[in-house]
Amino acid sequence: MQPRASRQESHAERADYFRAFEHVLPPPLPKLSRRRALTWQFLAAFTLGIGLWYLQWRWMHSLNPDALVFSAIVAAAETGMFIGTLLFFFDIWDEGDTPREPPPQTPEEACLPEDSDLSVDILIATYDEDMAVLEATLTDALAVRVPQGWRATIYLLDDGQRPLAAQLARRLGVRYLTRPSNAGFKAGNLRNALLRSDGSFIVICDADTRLFPGFLENTLGYFRARDVAWVQTPHWFYDIPEGRPWSVGLPAPVARLFALLGGTPNAGGDPFLSGSLVFFDVIQRRRNRNGASFCCGAGSIHRREPLFEEACAQNGPDRANIFDPSSRRGLRPFMARLAPLQPFRYHVSEDIFTSMLLHSSFERWRSVYHPQIESKMLSPWSMDAWAAQKLKYAGGTLDLMLRHNPLWRAGMPWRIKLHYAATFWSYLNAIILAVLLFAPIFTLLTGLAPIDAYSSTFFLHLLPLLFANEAALAVASKGHDANQGRVLSLATLPIVAQALAQALKGKKIKFRPTPKTPLFKGSLRFVWPHLALLALMAFALIYGVCQHVLGSVAHSGALLLVNAFWLAWCGWALTRAVKAALWRPERMSDRAAFLPRTPLPEIRKADHA
């Protein structure tokens with residue numbers, strides 16, 4: 001048995017693992033040049049034109065009469081992929097950054113009542129994160145520069161009710177808030193803080209959100225516009241393992257192929273596919289042209305008024321009796337106690353939910369996306385953290401789509417609705433991907449193809465579409481790895497399928513904070529669906545090869561080649577999840593640090609609202 005002192009030392013090393021990445025600097029995120037934008041838009045239009053041509057041929061001339069139902073299902077899945085491409089291309093069509101201005105110097109410039117003070121509350125929500133993570137976050141928050149004439153107050157919102165967290169807050173001189181229950185989880189934690197604080201603006205941080213010194217200086221200026229409800233900044237994970245370049249020990253063409261198939265430029269790099277800049281620098285940034293970038297929680301700054309205005313509206317039309325813009329906390333004191341307000345709705349995706357509600361009152365409130373990195377965060381470093389994060393994202397978004405769909409909400413402009421539709425469709429892709437994943441398995445096992453023939457006509461229609469799409473995405477992505485998203489879509493397919501099943505059943509998605517401390521024990525339990533799929537794919541491929549060798553007419557060389565290629569690509573993507581489960585830090589000294597620890601007790605069911 002490991003000595004107690006050694007166990008404590010190992011736990012401290014594990015909690016402090018991120019210190020090795022302190023030197024990593026955020027990448028610059030330049031604008032999309034006009035030349036690149038025009039090139040991308042030309043390639044996108046060309047891709048969509050070829051896609052329509054391909055689908056017309058697919059439905060009118062290529063269905064297999066010997067397997068008509070199967071062929072039609074696959075063609076429908078391909079049509080669904082094309083619809084997703086349409087939405088995605090609309091999503092990222094062009095950039096439209098909001099001009100940045102200096103912070104307001106008077107309440108009038110900040111569009112506040114005349115007697116208001118210029119104040120901002122920095123809210124750091126935590127539940128069970130290690131003190132080393134919290135201390136780094138609080139220290140960086142204290143180093144944020146406060147513009148002249150402004151007042152900033154830092155709050156540590158501890159839903160774990162931990163004496164150590166309270167001691168840390170006292171030692172660093174920040175305010176400590178807790179509550180007797182965990183009702184509403186993170187949204188409830190934020191609500192508790194909002195009712196006990198009085199800043200005109202609120203910065204939302206997770207336990208690992210380490211703000212850069214210029215955060216307030218670079219974001220407060222957007223609030224010179226009266227209708228700006230919140231500003232979202234990019235999420236940047238600074239602790240992603242780099243791995244080693246594929247070029248080490250491999251010929252250049254082979255290295256480039258491995259980088260393309262693997263979704264990362266380095267072997268062993270970004271094992272959990274956590275790189276987020278395609279989403280933030282390409283998708284979120286370009287949604288800003290329509291005021292449609294949604295809140296992603298951490299790293300966002302909010303005007304207090306719209307949060308409470310929307311919360312009051314949920315309690316009936318007579319919100320004037322509750323909301324009082326002249327009050328320091330935005331509420332009449334007696335109503336703050338009586339009304340069950342939810343400034344952030346009690347939901348596992350409270351950030352997107354709040355975005356939807358405020359975007360529905362677009363004539364009054366809008367969002368701004370600030371395109372430069374202003375904070376750094378920790379990425380998932382274990383399968384437990386990876387699976388928890390992906391299930392929460394998928395489950396929360398799908399639940400909103402089924403039960404609070406913004407597409408049916410009055411007041412939301414159609415352009416913003418299309419941006420939300422693109423988000424929902426990206427998760428519905430799980431159904432489409434499942435069809436396209438099982439199609440080659442079915443074909444190899446039965447000899448029934450989804451098209452009439454794998455002829456030169458088939459390749460003449462398919463290959464130009466694939467090449468045009470790749471070229472369009474390469475130009476649109478501004479140097480970011482767009483292939484990672486496709487690899488991640490397949491690697492997370494079992495998780496998204498689980499989330500979709502839970503959402504369809506009406507099962508409430510559990511809110512579990514993403515673990516911030518690496519813990520590798522039991523990782524393989526998260527990938528047994530991937531292993532089962534890989535085994536089925538291997539069996540189908542071996543069976544198809546055997547049938548071809550034995551002279552089966554149905555298992556032609558072209559059928560075998562096309563379906564084997566697609567299975568190999570899907571298998572590669574699925575193995576990324578398996579490799580992540582098996583991944584360990586390279587240094588032996590690091591491995592010793594990742595030992596099990598005793599978690600906090602489970603939240604009582606009675607505390608769940």
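A contact here means heavy atoms within 4.5 Å, and the views below are taken from a predicted model.

**View 1. Surroundings of Y420 in the largest nonpolar core.** Leaving aside residues up to four places away in sequence, Y420 touches F294, I352, S355, M356, H359, P406 and M412. The core to which Y420 belongs has 91 residues, and Y420 is listed together with W40 and W386 as having the most contacts inside it. Helix α19, which covers residues 557-582, gives the most to this core, contributing 11 residues.

**View 2. A second, separate core.** This core has 31 residues, among them W150, A165, F201 and C205.

**View 3. Salt bridges around K478.** The side chain of K478 meets that of E95 in a salt bridge with an N to O distance of 2.8 Å. This pair links distant parts of the chain, since E95 lies in the loop between α3 (68-91) and β1 (119-126), whereas K478 lies in the loop between α15 (456-476) and α16 (483-491), 383 residues apart. K478 also forms a salt bridge with D281, at 3.2 Å from N to O, and here the partner sits in helix α9 (residues 277-287), 197 residues apart from K478. E95 counts as buried because its relative accessibility is 15%, and K478, with a relative accessible area of 16%, is buried, as is D281.

**View 4. The salt bridge between E22 and R19.** The closest N and O atoms of this pair are 4.0 Å apart. E22 is partly exposed, with a relative accessible area of 29%, and R19, at 38% relative accessibility, also counts as partly exposed. Both residues belong to a network of salt bridges that links R19, E22, D140, R210 and K376.

Notes. Residues are numbered from 1 along each chain as its sequence is written. This is a predicted model: local features need pLDDT of at least 70, side-chain atom pairs count only at pLDDT 80 or more; totals for chains, interfaces and linings use all residues. Side-chain values use heavy atoms; hydrogens and water are left out. A nonpolar core is a set of buried Ala, Val, Leu, Ile, Met, Phe, Trp, Tyr and Cys residues joined through side-chain atoms within 4.5 Å. Buried means under 20% relative accessible area, exposed over 50%, partly exposed in between (1.4 Å probe, protein chains only). Helices (H or I, at least four residues) and strands (E, at least two) are DSSP runs, numbered from the N terminus.
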